[in-house]
Amino acid sequence: MSAAEENRSQKGLDARLLWRIIHYLAPYKGFVAIAFVTVVTAAFLGPLVPKLVQVAIDKYVVPGDLGGLDKHIVLLLLVLVGESVLSFFNGYLTQWIGQQSIFDLRTRVFDHILRQPLRFFNRTPIGRLITRVTSDVESLSNVLSAGVVTILGDMFKLVFIAYFMFTLNWVLALVTLAVLPVMLRVTFWFRAVVRDQYRETRKQVARLNAFLQEHITGMNIVQLFGRERREAKRFSEINDEHRGAQIKTIFYFALFWPAIDLIASTALGLVIWVGGVRALGGTLTLGVLVAFIQYARQFFDPIRNLSDQYNTLQSAMAGAERIFDLLDSDEALPVRDEPVPVPKLSGTIEFENVWFTYQTDLDESQEPDWVLRDVSFSVSPGQTVAIVGATGAGKTTIISLLLRFYDIQKGTIKLDGTDIRELDLAQLRRHIGLVLQDVFLFSGSVNRNITLENDDISADTVRAAAQAIGADRFIERLPDEYDQEVRERGLSLSHGQRQMLSFARALVYDPEVLVLDEATSSVDTETEEAIQHALETLMQGRTSIVIAHRLSTIKHADMILVMHRGQIRERGRHEELLRLDGLYRRLYDLQYRDQESLV
């Protein structure tokens with residue numbers, strides 16, 4: 001999200017945002033209607049109590065009618081009990097509605113994030129996304145639970161209180177309302193300053209989360225290079241800005257509530273003074289004066305609540321605009337309404353004049369920084385094609401485009417003769433097994449990390465895949481074998497063991513196409529030999545694309561593509577490329593000039 005988006009003016013936008021928030025209550029509109037009825041009923045019973053007190057004093061206490069007073073007290077108690085029961089029921093129901101709505105919203109935000117392409121994650125801090133799914137969504141909780149219903153209830157309560165006051169004595173009613181303009185002026189001022197402050201607070205929370213996520217994840221680098229003090233200082237600076245934003249918000253609240261209390265107390269004093277003078281003059285009954293004292297106290301409670309709810313709404317708006325900015329900026333790759341089905345692949349891969357750049361939103365006058373330039377090659381079913389080249393040559397980009405993590409700008413990529421843009425994304429990736437150099441494991445068991453909780457994969461299939469690549473030898477030495485917890489990111493396993501599990505994870509799905517991106521570059525020689533032996537068997541009958549720095553892993557490939565600055569400069573088998581005495585020969589000489597056995 002840009003700085004302009006973070007700080008743009010919200011004039012004329014609140015109603016739209018509020019409507020979008022309330023939209024998440026639509027699935028529970030029946031329960032919302034029940035909550036509305038109960039809150040309006042409770043809003044009527046509350047102001048009814050002072051009226052009943054007035055009747056009790058003027059009609060029964062002053063005349064000395066004890067029998068009538070007893071019956072009237074029973075009615076008063078019933079009203080109080082009814083108000084309490086309705087308040088309990090309404091509080092529970094509105095909170096239940098709110099939690100259901102928050103569940104729906106948080107699920108939608110996470111589903112939206114899952115649909116985004118890798119380009120989105122390359123430029124969006126993970127901490128910011130965590131903030132969106134957690135605290136930003138949580139900021140809407142009060143609005144979606146008690147917020148909307150409570151606001152309506154307080155508004156009706158104000159109407160009922162005003163009605164009873166004017167029916168009892170219009171002069172005292174006007175006295176009570178005399179301070180209202182001052183209170184509204186203070187409230188509008190508070191609303192103006194607190195909105196910007198809430199937005200700044202949310203911004204600082206996102207910065208704090210992003211910093212924590214990045215530095216906790218990269219703690220080994222922080223400690224390796226002795227940056228603890230410097231990073232602690234940076235965190236202190238960010239934390240200090242967050243604290244400053246929070247304290248500024250607290251200051252406005254600390255100023256606002258005493259001001260409201262002072263204004264309300266002023267109104268109460270005016271009612272007692274004017275009412276007392278009129279009561280002493282015989283133009284006002286004692287019951288009316290007592291009732292008005294209660295109404296003066298009650299009248300400002302809904303206003304306080306409305307101010308508080310407005311503050312909650314301001315905080316929710318700050319979170320909502322960030323959430324909806326995320327939901328509105330959908331960068332998901334376009335898919336066909338009726339994609340071509342992919343029940344089974346033979347494994348033919350074709351790149352035809354492919355051009356690609358990671359840059360987006362370039363002006364027509366700007367020349368893109370092409371990562372791939374007019375790349376064309378084809379892979380027949382069952383063939384093994386290796387891609388080699390210096391760092392930055394475009395090797396990994398090729399497999400990212402094959403899996404459609406990104407869309408190309410020019411050319412065509414075909415799978416079994418069909419443009420991959422016409423295929424369903426999930427089906428496309430289901431037929432391709434990918435093993436990366438950097439292995440990511442989830443917290444959970446070994447079995448969970450191999451199957452990714454796919455119930456269609458049996459335990460026998462998992463064991464067979466592990467045995468095929470030799471992972472069973474170390475798995476069966478673990479205390480709980482396939483049920484062993486690997487901890488977050490697989491830190492309880494060695495890098496080679498994590499790499500072996502990634503092989504099993506890819507192979508357990510029995511893909512028609514196998515892609516290995518530097519998959520053996522981080523394992524020792526003994527493990528590499530075991531993997532190579534397994535791969536020779538596993539690649540039979542599968543189309544395989546292998547990206548490797550170690551030429552020993554690809555010397556038997558059916559075809560080797562040599563990449564240089566985004567172009568295929570050479571292609572052929574190992575022996576053919578050596579005889580060309582070109583780029584491949586230079587790569588070979590750098591690695592194996594003393595190992596003649598490879599020739």
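I count a polar contact as a pair of N or O atoms within 3.5 Å; within protein, one must be able to donate a hydrogen and the other to accept it, and residues adjacent in sequence count only if both atoms are side-chain atoms. The model is predicted, so I note the limits: local features need pLDDT of at least 70, side-chain atom pairs count only at pLDDT 80 or more, and totals for chains, interfaces and linings use all residues. Residues are numbered from 1 along each chain as its sequence is written, and side-chain values use heavy atoms, with hydrogens and water left out.

**Entry: Asn169**

I found Asn169 in the loop between helix H7 (141-168) and helix H8 (170-177). Helices (H or I, at least four residues) and strands (E, at least two) are DSSP runs, numbered from the N terminus. The Asn169 side chain reaches the backbone nitrogen of Val171 at 3.0 Å. Is Asn169 buried or exposed? Asn169 counts as buried because its relative accessibility is 10%. Buried means under 20% relative accessible area, exposed over 50%, partly exposed in between (1.4 Å probe, protein chains only). I then left aside neighbours within four places in sequence; Asn169 is in contact with Arg278, Leu284, Val288 and Phe292. Contact means heavy atoms within 4.5 Å.

**Entry: H4 and H6**

Helix H4 (residues 66-115) packs with helix H6 (residues 126-138) at about 165°, axes 10 Å apart. That angle makes H4 roughly antiparallel to H6; the cut-off is over 145 degrees. Axes are lines fitted to C-alpha atoms, for helices over the stretch in contact, and angles run from 0 to 180 degrees between N-to-C directions. On the H4 side I listed Ile102, Leu105, Arg106, Val109 and Ile113. H6 contributes Leu129, Val133, Thr134, Val137 and Glu138.

**Entry: S4 and its partners**

Strands pair if DSSP finds at least two bridges between them. Strand S1 (residues 349-356) and strand S4 (residues 410-415) run antiparallel, joined by five bridges. Glu352 has Thr412 in S4 as its bridge partner. S4 also runs antiparallel to strand S5 (residues 418-419), with two bridges. Lys414 stands opposite Asp419 in S5. S4 and S5 form a hairpin with two residues between them. In the turn, Asp416 has a positive phi of about 55°.

**Entry: the six-stranded sheet**

This sheet is open, with mixed pairing and the order S6-S7-S8-S3-S9-S10. Its edge strands are S6 (432-435) and S10 (567-572). S6 runs parallel to strand S7 (residues 513-517) through four bridges. Leu434 has Val515 in S7 as its bridge partner.

Conventions: Parallel < 35°, antiparallel > 145°, perpendicular 65-115°, else oblique.
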